[in-house]
Each structure stands twice: as C-alpha cells, then as structure tokens.
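I opened my notebook for this one and jotted down what I looked up, entry by entry.

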Amino acid sequence: MAKTNKNIKKRALILTAVLLLVGFGGNLVRLFQLQIIDSADYKAKAEAQQLSDTVISADRGTIYDCNMNILAESASAWLVFVDPSRIENAAQSQLIADGLGAILKKPNAKKIASILKANKDYQYAKIAGQVEYNEKTAIQKFIDDNDLYGIVAIDPDTKRYYPYSNFASTVIGFTGSDNTGRAGLELQYNESLTGISGRIITAKKANADLMDSNYQSKFDAQQGLSHVLTIDKNIQHLLESALTEARAENKATACYGIVMQVKTGAILGMATLPDYDLNQPTVIKNKETLAELDKITDPDEYDAAYNAETFNMWRNKCISDTYEPGSVFKVVTTCAVVEENVLPADFTYTCTGSIQVADNIIGCAVRDGHGTEDLQHGLMNSCNPFFITIGQKLGAEKFYKYFEAFGLTEKTGIDLPGEAEPKAGVTYHPLDDLGIAELSSSAFGQTFQVSAIQLITAISCVANGGKLMKPYIVAKELDQKGNVVYEAEPTVRRQVVSEKTADTVIGYMEHVVAEGTGRNAYIPGCRIAGKTGTSEKLTTDGEYVASFCGTAPANDPEIAVLVVIDEPHGDNRLGGAIAAPVAGSVIEQVLNYLNIEPMYTDEELAEMNAETPDVLGKSVSEAEDILAAGDFTARVVGDGDKVLTQYPAKGQSVPTGGVVVLYTEEGAGDTTAAMPTLTGLSVSEANSAAVNAGFNLKVSGTATGEGLVAYKQSIAPGTKTRLGTTVTVYFKTTTGVNDN
Amino acid sequence: MYRGSEAYDFSLFEGPAVRVPARTAAPARKPEPARRPAAGQQRRPVRKAAADARPDAEVVVVPSSLKKAIVFTLAFFALWIGVLLLQAQNETVTNQISEVQSQIDIAAGEKVRLTAELNSMFSNEKIDEYATKKLGMVKADSSQIIYIDLTEGDEILFSGDRTVGDAEDKGESKLKELFAYLF
C-alpha cells in the first residue's frame, strides 16, 4: 500500500513538473523574446505611446553688414494646411477655398480648390507657408466662424525677411520654404545659420492627453549663429547705383563690380546687375528678360526658359562667370617683366601699328602706331604690340610662373558658393600649350578667361606691396547673446612680387589714369592708379567686355575697385570710355565716405575752388573790382548802388572763375533760373552756358585733354535753381582711351 | 475498528495526552518598587476647589496612540490638500507663462516684420531719390568737405609778450568762475 502511494505521488509530481515546464517554459521563451530580442522595438513603441515629442525649431541666424545693419532676419510665421479627407461635401470645399483665397490672395481660391481636389483622399494638404500674423488671425477667425476645426489648421513656421529687397542680392542669397539656404551666403553658411532644433518631451496619459509640465523635459534649441559681413551698406549702395546707371546708359547685358580693401582682402562691396528681390526670388522683374520670354508661345518652353532665366538671375557673376580680362591683365605682365628685370633700363619699342606673330598680324588700337614707347608709356597707351614684344622677351616659363603666382590658375577661396574653377586648357593655357601665339595673345590679356574676383585680387596684390591676399566676406560669427564665436583673420597667400616692383607698377598705373587710356577715371586729389580693358568675347561673336580696375590713393592704396560692363550696346564699348568714369566716380565717393583726405598736386590746387570774398555793403563797382581781382564774375540783380546780399555768401567754395550774384534791391527780380542743358558740351562751352545762365560750373573728372564732352550734370536741365548755385558737370573723352 | 479496516481505526491518530492547566487565579505579579520624586521636583498638589466640587463622573480614557493617529492623519490630509492646491496653482501659472511666451513670440515676429518694413522705407536708394528728386539736393563732392587736422592736440598761442592764460588773466577768470558758481 505504501509503495502504491509512493508511485502515485511520484507520478503526480512528474506530471505537475511537466505541466509547469510546458506552461511556464512557453512563457519564459516568450518573455525572453519580448524583453531581450525585441526589447528595442517595444521600447520605441512604448516611448511613442507614452511620450509626446515636440520639436522646437531654432531661429535662423541674422546677417548684418559691417556696421550691424540687418540685411536678413527670421521671424515666426504660420503654415496653413487642410485635412481634405474630412471635408464633408463640395459646398464645404468651395467655402474653404473661397475663404482662404480671400485672406491669403496667393494662392487664390481657384488654386486652393485644385489643391483640395488633388488631395481629397489625403489627410494633409499644405495651402500656404510663411503666413504673417494678420493673415493668421483672419484665418483663425474664419475657422471659428465656420466651425472648421480639424479640417483647416495652422502650424508654426518661420519666414525670412530681407529689408532692402534686392540689395546685395547675389551675395546674400535667399532661403527656400523649408528655411534652408539656396544661394549666396545663405547657402554657404547654411549649417551655422540654421542652428540645432530643440525638443519638448512630455509624458502622455492613457487617453493620449499630455501630462502636466512636471512630467516634461525641455531641451532648448541652439539658435543659429549670426554673421557679420565685411560688406558696408553705404559702399554697396554707391557701387550698385553707379552700376545701375552704367547699365542703363550703355544698354549693357550685365554690369558687375567689386570694392575690396587691398590690405586685408575684405570685400566692401560686390554687386551684379540685373539682380532680384530676395523676398521674391523666383519672380523675374527685369523688363528686358520678360520681353524676351514673352516671345515664347509654347507654355512648356516658356516654363523651361523662365526657370533657366531664374537660375541665371541668381548667379553671382563676380565669382561664377569668367571673361577675357583684356588690357587690365597688362598690369600682371608688367609686374613680371619688372620683377624679372627682363628689360634693360633704357628699353624702348617703336609701335608702328601692328606686329607679326607667327602667321598672324596683330593690329594696335592706333592704326598708325604709338611711336617709340618705354614701359611706362607702353602701359599708359595700352599698346598691344608693345606687350606682345615684352611678353616674348619674358618667355613662356616666366610668364606662366607669374600667371600662376597671381592666383589665376586656382580659385581665390572666397567664402561664397559657386566660384568658377580655372581649368587648364579650357580657361587658360597651361605651360605646355604656351606657344608663341598663345604667349603673345596672353601677354595683352586675350585668349584666356578669369573671374572678376581673381582679377581684382591680383591687382590688389600689386597695390598691397606684392602680397596676394585671400578675399573674404564674413568678418564675424556671433551667438545669440552677441558673443563672437569666430572672427576672420586676413590671410596672406604669398608674396608674388617685391614691394619695390609693386610700387613701380603702381606708379605706372597712376600715369595711366593721369595721362593714359584711364584718364576718364581721373579725380583731382584721389590719386587713382588703374588700368582699362576692352576685350572681345570669344564665346559670343561681336560682343565685348569693357572694364576698369583701379586702386587709390596711389601713395598708400586702401581700396581697389573693378567695374565690368558686359556686352555694352551703346555708342561706345571701350573700357576707357564707359567703365573708367564709373570706377572713378565710385572710388571718389568711397574715399570720401572712408574719410580719406584728398591730396592735391599744385596744378590741381590751382584749378581748385576759390573762396568768395565779402562784398556786402560795398558799392557795386567796388564789389565788381574785388570779384574781378579774385577771378570771379559778378552778376548784378537790381538797380541799387550797394550790395545788399551776395550769393554765394562770403567764404563759400566756388570754382575758380565762378559767378557771384550781387543783389542790390530787396526782392529784386527773379532769384532763380532754369538750369541749362550742359551734357554734350565741351568744358568751355559748358562753362559759358552755366555762367551766362548765372550758375557756377564745377568740372568733375578729367579736365584736360582732347575731346572732353560732358556726359552728366548734377542738377537736371530745366530745374528751377537759385542763381549762383554750383552745378557739377562730369566730363569724359573718347580720344586716347582706346585700349582694344 | 470499523469493518475491520485500519483506515477507519481512529485510535491510530490519537496522540499522547497533553495536560492543559486550568486558569483559576490571576497570575502572580512582582510587587512595584516605591518611587521617589526626582531632586527639585515636587509633588503636584491635588486641587480641590470647594465651589467646583463635583461628584466623581465616569472618565473616558482615549488611548494616546489613537490621538497620535488622528493628529497624524489630519496633518497628512492637510499636507496633501496643500500639495494639490500648489500643483493646481503651478499648473495655472505654467499655462499663463506659456500663453505669455506665445504672445511674446508673436510680438517678436511682428517686431521683425515691422522693422524690416521700416528699414526698407529708409533704404539708401529711397533716401537718395527723395533727396535729389523731392528736395532738389545734390551730393557733396570732395571740394566741399573740409578736413581738420586734430593730430597735434591743443596749442597755446602766444601773442607778443602777453600769453594767453597768464597769472592776471587766470586769476580774473577764476574769480569770475567762482562768482558764477556761487550765484
């Protein structure tokens, strides 16, 4: 009996054990699978279910000019979207389209209706982003009034503001609807401008509502860094104004220019025209471009052409486009020749108007030739045969050495996207390809291409004592508290030529402006040293590029300015005639702005303004004698004997030989007169016209030389102007400025 | 045995007899030692006011542990309610902060938009246009800008034998300054 019980017990135990093993074993295996193998998945699912994750977008950094003027700034905006799957019927859909269209204007009701129709089975359809506060409030009211909760909704968004519209547009660039940079500095520095998004992680209740703030972890967003540029808003404006005028006057396809600080490589101004409105980067506003596009009838072709023109509009031609530098490049050849001491001290060359190179005859701009020239005069006259000769004397190897040393075979490294990369055999001749013909043509700046930034960097090198600098455009990066986290340092790439060579060549360049082909850039007191250029475009038949690159003041250069007029279609296409005056004007205004005092030579001082003497209370004849002694012209208004009022008043600065109006009666006669037309006149004709009309004439630009003609006057013709007022008239010549 | 089976022989389950003592009198106690009052302590006199003489009533004794429990429970509830109230207040204030923060964000956004609009109205281009076309102004050129050299600092000019700021002048000017200061 006892044995039977024992057996039963034993069997019962075994059965229990088996049952336990089977039952719990399965559970154990399942537990192992859930908690070890699939733990990561379930953890993620649990987190997704239990936690709410909200992204806090970081504010994009601000872009400032060097004086902390805001050029680009972001602000909160809103995004409007619809859940089309919850729209009950066609009437409600139309209500939404009409309502939102009336508030937003763009997209309009018709467009919104088509969006809703196209997305009718989806739960999300974006209607408009970057919606501003007023519109957002109106839309919220629309939702409340029409009980559209859950159908029309508003989410946070950001919008980028560019206060000055098309100011420095090709430099600053713009952001897309996703707040990422698409062009210019916005693209180049997108990462540092964007910052790092933050997060708010909150626990959720069982019904998916959020727990209170005690169950919340917040990770603050790291705002984007603000960028302070080297660009000066005022200098940029001076450059853009001058280029706008030049483009209109010369009916050019494009105009672009750069102002650089020669000692550091900092870019003070950079402009490309035509430009675009940064707040509407996809809208073409240029009338000529639109007129060309309107000729296309096929809609698809129109769209493709419109897009292509948009991309072209965004292009920063100063760094992305290359062109034949023409005679401006002769400065580089001159530096090489002087540094290598290739020419004897008394070297001269007689230009007869042409020169044979291999099987070709290359003509000079002056058909009869310039005659006998030394190096200085060769540069002043921009004589092609002269430079072919000295280029051949220099030799291919040495020529290429300096071509390379001046940075023309590599990118400058400027911190902007899309810089053109020089390609051997494509944009320039490599050493192996520099035969006699290539060397000869390269010596005077033809048959190869460089970008504007490369060229101004090379000329600035000469102005900077032979040191080649790396150009840059971002000076500092600031965090949201204004602390400087990065500051750019000027970088010297290499010493290309000696300081002595650089000083010598700058001296030659000053003569180019004072007496040579660059005379239209001459401004008294500014001591501009520069070189003109007129080059034939190899890529487009019959088109030219007119340019001028100058630096000032020549004794201690501070700035360099390059002006390029691409495909001019006006009366003249010479760099000396159309680009030099523009550059001269920009240099004068920039030097004034930078408070760099003009330094006048004795000859300039003699022609400068004189101070009006005091003749108040004197008799008319006495006053006339005093004025005549000071080389002024008296103009008497009224029949009285004594001078009651004079204009300009005593001590005012007027041009030598100017007019002083003497009023001898109270309220005597008309004190104003209509400004005469002075453009198109020579200096003497303009002076007579102005003085006869009762005004003073101030000559701007070069006042000596043949063929000077007024092309601009500071007071528009016909303007009622007080007698005795000084009108500034700008003169230029087309004689002796041919450098083609 | 029932039916002759040991299974029903209950005598097999009977254990040895156990004696259980009967309870009759209270357990014996050890006598308490006599207590002496501590130094300085005096026995509390028993007060018995004649006017207030009452007949001895039946006394309800509440155990001290219960009192403690009640006090503790009341304190706990008070604390709990306090915490709840503070939490509710915290929640309200947090919501207010969020709302104000949201308003600040909106205001900041509007500020940027309005500043951009204002700056665009005062762009250099617009200023130039207004100055030249509306006001008839012209830009100053180099000849109209006078440069004053301040590199050499202040100078004292001497005129003949008399210097500017000699003792007499100095004294006179100082007196004048003092007079002006006092009156």
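Into which domains is chain A divided? I noted first that this is a predicted model. For chain A I found domain 1 at 54-228, domain 2 at 324-602 and domain 3 at 609-733. I then looked up a spacing: 40 Å separates the C-alpha centres of domain 2 and domain 3 of chain A.

Next entry: the sheet. I traced an open sheet of five strands in chain A, running β10-β9-β23-β22-β21 with antiparallel pairing. Which strands stand at the edges? They are β10 (267-273) and β21 (529-536) of chain A; each has a single partner strand, so one side of each has no neighbour in the sheet. Neighbouring strands here are turned by 10° against each other on average, direction ignored.

β21(A) pairs with β22(A), residues 544-552, in the antiparallel sense over eight bridges. There I picked out Ser535(A), whose bridge partner in β22(A) is Val545(A).

Then I checked what packs on the sheet. Helix α9(A), residues 233-250, touches β9 (254-261), β10 and β23 (559-566) of chain A, and its direction makes about 30° with that of β10(A). Helix α19(A), residues 499-514, touches β21 and β22 of chain A, at about 70° to the direction of β21(A).

Last entry: the partner chain. How many residues of chain B are in contact with chain A? I noted 24, against 32 residues of chain A. On the chain B side, α1(B) (64-121) and α2(B) (124-134) each supply at least two residues, and α1(B) gives the most, with twelve. By class, I logged seven nonpolar, ten polar and seven charged residues on that side of chain B.

Technical notes:
Residues are numbered from 1 along each chain as its sequence is written. Chains are lettered from A and ligands numbered from 1 in the order in which they are written. This is a predicted model: local features need pLDDT of at least 70, side-chain atom pairs count only at pLDDT 80 or more; totals for chains, interfaces and linings use all residues. Domain bounds come from an automatic or database domain assignment. Two strands pair if DSSP finds at least two bridges between them. Helices (H or I, at least four residues) and strands (E, at least two) are DSSP runs, numbered from the N terminus. Axes are lines fitted to C-alpha atoms, for helices over the stretch in contact, and angles run from 0 to 180 degrees between N-to-C directions. Two residues are in contact if their C-beta atoms, placed from the backbone, lie within 7 Å. Ala, Val, Leu, Ile, Met, Phe, Trp, Tyr, Cys and Pro count as nonpolar, Asp, Glu, Lys and Arg as charged, and the others, Gly among them, as polar.
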